[in-house]
Structure formats: C-alpha cells, structure tokens
Amino acid sequence: MSFRCITPSSMVIKPPSNEVERFGALRRLSVLDSERDDKFDAFTRIAMRLCDASISTISLVDENRVYNLSTSGLDGVQGISAPREETYCNYTILDKKPFLINGTMHGDQLSKHPLVVQFGIQFYLGVPLITKEGHSIGTLCVMDFRQKEENEINEEDIDGVISLSKLLVSELETRAAIINTNARQQLLQFDMGVLQSDKSKLFAAINAFKEGYVAWDNQLKVVLVNESFTRIFGYSQEEADNLCGIEFLFSDRTDPEKREKLMNDFKLKQGVNAELICRRKNGENFVCLVVIRPIFDLKGELSNYFGFISDITSIKTAEKNLGR
C-alpha cells in the first residue's frame with residue numbers, strides 16, 4: 001500500500017482541477033452545517049482507536065472552509081468550520097492516497113502551520129473521502145500531539161482507516177439518498193393510477209438508488225420494489241409483489257417494543273425512521289436503516305407509502321469488533 005509522506009518542499013497547494021464538480025458532490029450529500037449525529041461520531045471513535053491517536057475528525061472541504069462533521073478527542077470543534085488554508089485536509093483531498101505527516105516540527109513551513117501553532121499537532125494521517133463519482137469531498141483523519149514511533153503506526157492500521165473511510169462514504173451517500181430533496185419528493189409522490197398502468201415509468205429512476213426502495217398502496221400491499229431491494233432481501237420481483245405490510249422486515253431478534261411501535265406508526269399513517277435487525281428471505285439477520293413515509297393526496301387521503309432500506313451491517317460489525 002502506498003501513501004504520501006509530506007516534506008516541507010511538498011507543501012504547495014494546487015486546487016483540484018474538478019473543484020466545481022467536487023463542490024457539487026459535497027453539497028448533494030446535504031451534511032454541511034447539519035445537526036450532530038452519533039452515527040458519524042462512531043466512525044471517528046473507531047479511527048482514533050485504530051491508530052491509538054488522541055484526535056479523529058470527519059472534515060468536509062468546502063470552497064473556503066473545512067467543516068467538522070464529527071470530532072472525537074477534541075472538545076469544542078464539533079460542527080465548527082475552519083479556514084480551508086489552515087487545515088491539512090486541504091492537502092489530503094489533492095490525491096486518492098492516504099496523507100501522512102509524522103513530526104510536524106521538521107521544516108519551517110510545517111512548524112508555522114496553524115495546527116502546530118495552536119494545537120501542537122505532531123502526527124496527522126488523513127484518508128480522502130472519495131465518492132462513487134471519484135470526488136474527494138473531505139477526509140477521515142487522526143491526529144496526535146506527539147510524533148509516532150515506527151512501531152506505533154503500520155500499514156495494517158492505515159488500511160483499517162481506509163476501509164472505515166469507504167464505509168463512511170457509503171453511509172453519507174445512503175443518507176443523502178434518503179433526505180427529502182424537492183426533486184426526489186416530486187419523483188416519489190407519484191400517482192398510483194399511473195403506477196398501476198405502467199410501472200416501467202419509475203423503474204429506471206428507482207433502480208439507480210443504491211439503497212432498497214419499496215412502495216406500498218393505501219391497502220399496505222407492496223406494489224413496487226427496486227433491484228437493490230431484491231438484492232438486500234433475496235426476494236424476486238414476483239415474490240416481492242406478494243408482500244404486504246412491513247412484517248417481512250422483522251426478524252426473531254427484532255426488539256419486541258420497537259417492532260410494536262413501528263407496526264402501530266405504519267398503520268396510523270405515520271412515518272417510520274428506525275434502525276432494525278431485519279431478516280432476509282433465507283433467514284439471515286442483518287442490521288438495516290429503515291425510513292418509510294406516507295404520501296397523501298390533495299384531499300388529505302392516504303395515497304401510498306414509500307420507503308428506503310439500507311444494509312448497515314458492516315458498519316455495526318466494525319464498531320462492535322473494535323469495542324471488544
């Protein structure tokens with residue numbers, strides 16, 4: 001595995017050639033200036049422990065600032081923005097390789113960097129967060145107040161942070177797909193009569209979603225699923241057409257109280273937003289993020305439901321294993 005180890009002569013910033021596209025990719029994630037989310041904090045806690053470091057952050061590089069989506073180990077900077085030129089993340093996004101600085105006092109340029117002057121940072125490992133389109137929208141990084149010895153950081157540690165960064169990007173992109181943007185709402189609030197007459201009008205759109213998509217009619221019968229749904233649950237399109245309600249989601253390991261609440265919310269025409277242990281067709285359990293919303297017509301009558309289901313098992317497994 002290769003990474004960039006910085007030297008004073010390499011501290012030259014040349015903005016990425018695709019900055020406009022990169023800004024667009026970042027804004028489409030809808031996480032800049034968002035409320036704190038414990039799920040993102042889990043990533044920084046894991047990264048910090050992987051490298052036995054004092055600080056870890058998820059930093060998103062905007063046009064003139066770096067926004068700290070999550071921070072572990074450094075109080076008071078969660079949700080705070082810093083000038084872009086004052087962060088190492090500004091360098092990290094220039095390449096797709098991990099970016100390593102070990103011993104920041106070596107060289108006049110490094111010793112004057114704000115992270116060194118203000119916080120005394122001596123070690124920095126940044127992994128770019130690369131979207132499926134190839135845009136580096138920010139970093140998952142770990143930092144420490146002292147230089148690391150050779151036996152304290154190795155390729156296995158760095159590989160762990162890289163793997164974590166990929167899970168993080170997947171989480172960001174999945175959540176972005178679930179967020180209610182105007183364009184998506186217009187697409188999803190479809191007319192059920194049109195759907196019943198010609199499902200092909202929606203297939204092209206919903207099959208582009210990475211998360212599982214499912215729609216119910218006002219009688220709670222499943223009327224449409226996408227390819228990601230069939231992949232996640234193991235049902236064929238024909239089998240999915242025979243599903244009703246949300247009982248098919250539940251496993252024998254689903255929390256009974258949570259199950260009862262979700263069933264009631266669904267029947268009472270309320271939205272559902274929960275993390276569940278679900279069940280595939282073959283009986284396998286997995287952890288998923290479920291978001292279901294009712295759609296009402298102009299008369300206020302229930303038209304249908306739509307939902308997104310994301311398999312987050314790998315994220316939960318990584319967090320659990322690290323906590324042992």
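Q: In which helix is Lys166 found?
A: The model is predicted: local features need pLDDT of at least 70, side-chain atom pairs count only at pLDDT 80 or more, and totals for chains, interfaces and linings use all residues. Numbering starts from 1 along each chain as its sequence is written, and side-chain values use heavy atoms, without hydrogens and water. Helices (H or I, at least four residues) and strands (E, at least two) are DSSP runs, numbered from the N terminus. Residues 155-178 make up the helix that holds Lys166, namely α6.

Q: Is Lys166 buried or exposed?
A: Buried means under 20% relative accessible area, exposed over 50%, and partly exposed in between (1.4 Å probe, protein chains only). Lys166 has 59% relative accessibility, so this residue counts as exposed.

Q: What distance separates the C-alpha atoms of Lys166 and Val127?
A: Along the chain, Lys166 and Val127 are 39 residues apart.

Q: Which strands stand at the edges of the five-stranded open sheet?
A: Strands pair if DSSP finds at least two bridges between them. The order in this antiparallel sheet is β9-β8-β12-β11-β10. Two strands have a single partner each, so one side of each is left without a neighbour in the sheet: these are β9 (222-225) and β10 (272-279).

Q: By how many degrees are neighbouring strands of this sheet turned against each other on average?
A: Axes are lines fitted to C-alpha atoms, for helices over the stretch in contact, and angles run from 0 to 180 degrees between N-to-C directions. For neighbouring strands here, with direction ignored, the average is 25 degrees.

Q: Which residue of β9 stands opposite Ala215?
A: Strand β8 (residues 212-217) is joined to β12 (residues 302-311) by six bridges, and to β9 by three. Ala215 faces Phe306 in β12. In β9, the residue opposite Ala215 is Leu224.

Q: Which residue in the turn between β8 and β9 has a positive phi?
A: β8 and β9 form a hairpin, with four residues between them. The turn residue with a positive phi, of about 70 degrees, is Leu220.

Q: At about what angle does helix α12 run to β10?
A: Helix α12 (residues 256-267) lies across β8, β10, β11 (285-296) and β12. Its angle to β10 is about 125 degrees.

Q: Which residues does Arg280 touch, not counting those up to four places away in sequence?
A: Arg280 is placed in the loop between β10 and β11. With 14% relative accessibility, this arginine counts as buried. Taking contact as heavy atoms within 4.5 Å, Arg280 touches Ile232, Phe233, Phe286 and Asp311.

Q: How far from Cys89 is the nearest cysteine sulfur?
A: Cys89 is in no disulfide, and is buried with a relative accessible area of 5%. The nearest cysteine sulfur belongs to Cys141, at a distance of 4.5 Å.

Terms used:
Disulfide = S-S within 2.5 Å.
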